[in-house]
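Thank you all for coming.

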Amino acid sequence: MAPTIASLVTPGPILDGVGHSIRHVSEMRDYFADSASVDAIVGAGDREVYAFWEIEYQGLGNGLSYGMTTVQPGKVGREFHMTKGHYHTTEGDEIYICLEGQGVVILRNRAGDVKECEMRPGLLIYIDAGWGHRTVNTGTTPLVFVSVWAPGIEHDYETVRREGYPSILDAEE
Ligand SMILES: [Fe+2]
């Protein structure tokens, strides 16, 4: 689902435009476990795993940053499509609100404790700053969610890439 950005954005000088990023399988070699499956998918032309739009608050007040993410259905090997996942390196919490699809948010703190939160339309997940987060599409349709976070958060993807992070395997294979 492409977001209706016009309905998300309040135009004004405090917003720093809309960022749009797409993550393909080729860009997630270090995140999926089955490198042979990554090679096969990339060799066949690659494909999108997820895309996100983000609007960073740039004002001096107590504003909010927000965005929308769509994780496409599919698997790489036995792993369901997922976001890279990240930690916040600065204080600042976040909420996810699921609009469409079915999935799981995997939360992990730096002590190694892991929690899983179901995602389905209408559910809101509150993510404390101390917990990393990765979103997994376990369904057969796009998983779409809105995120809202405290401005100024620094995102740490490197720890996830270097140390790994829990994912979800399809039990049927
Ligand atoms: Fe985050």
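Before I point at any pairing, let me say that two strands count as paired if DSSP finds at least two bridges between them. Helices (H or I, at least four residues) and strands (E, at least two) are DSSP runs, numbered from the N terminus. This is a predicted model, in which local features need pLDDT of at least 70 and side-chain atom pairs count only at pLDDT 80 or more, while totals for chains, interfaces and linings use all residues. Residues are numbered from 1 along each chain as its sequence is written.

With those terms in hand, the secondary structure of the protein chain comes to 3 helices and 13 strands. As a reminder, strands of a sheet pair through backbone hydrogen bonds, either parallel or antiparallel.

Strand β8 (residues 103-109) is joined to β11 by 7 bridges, and the two run antiparallel; V104 stands opposite V136, and V105 stands opposite T135.

Is β11 mostly covered or mostly open? It is mostly covered, since 7 of its 7 residues are buried, and a residue is called buried if 20 or more other C-beta atoms lie within 10 Å of its own, exposed if 12 or fewer, and partly exposed in between, with C-beta atoms placed from the backbone. In a regular strand the side chains alternate between the two faces of the sheet. In β11, W131, H133, T135 and N137 point one way, and G132, R134 and V136 point the other way.

Now to the core, meaning a set of buried Ala, Val, Leu, Ile, Met, Phe, Trp, Tyr and Cys residues joined through C-beta atoms within 7 Å. The largest nonpolar core has 25 residues, and those with the most contacts inside it are V105, M119 and F145. Strand β8 gives the most to this core, with 4 residues. Leaving aside residues up to four places away in sequence, V105 touches Y96, C117, M119, I125, H133 and T135, a contact being two C-beta atoms, placed from the backbone, within 7 Å.

Finally, two loop residues. R110, in the loop between β8 and β9, counts as exposed because it has 11 C-beta neighbours inside 10 Å. D46, in the loop between α2 (35-43) and β2 (48-55), has a phi near 70°, a positive value in a residue other than glycine. D46 is partly exposed, with 13 other C-beta atoms within 10 Å.
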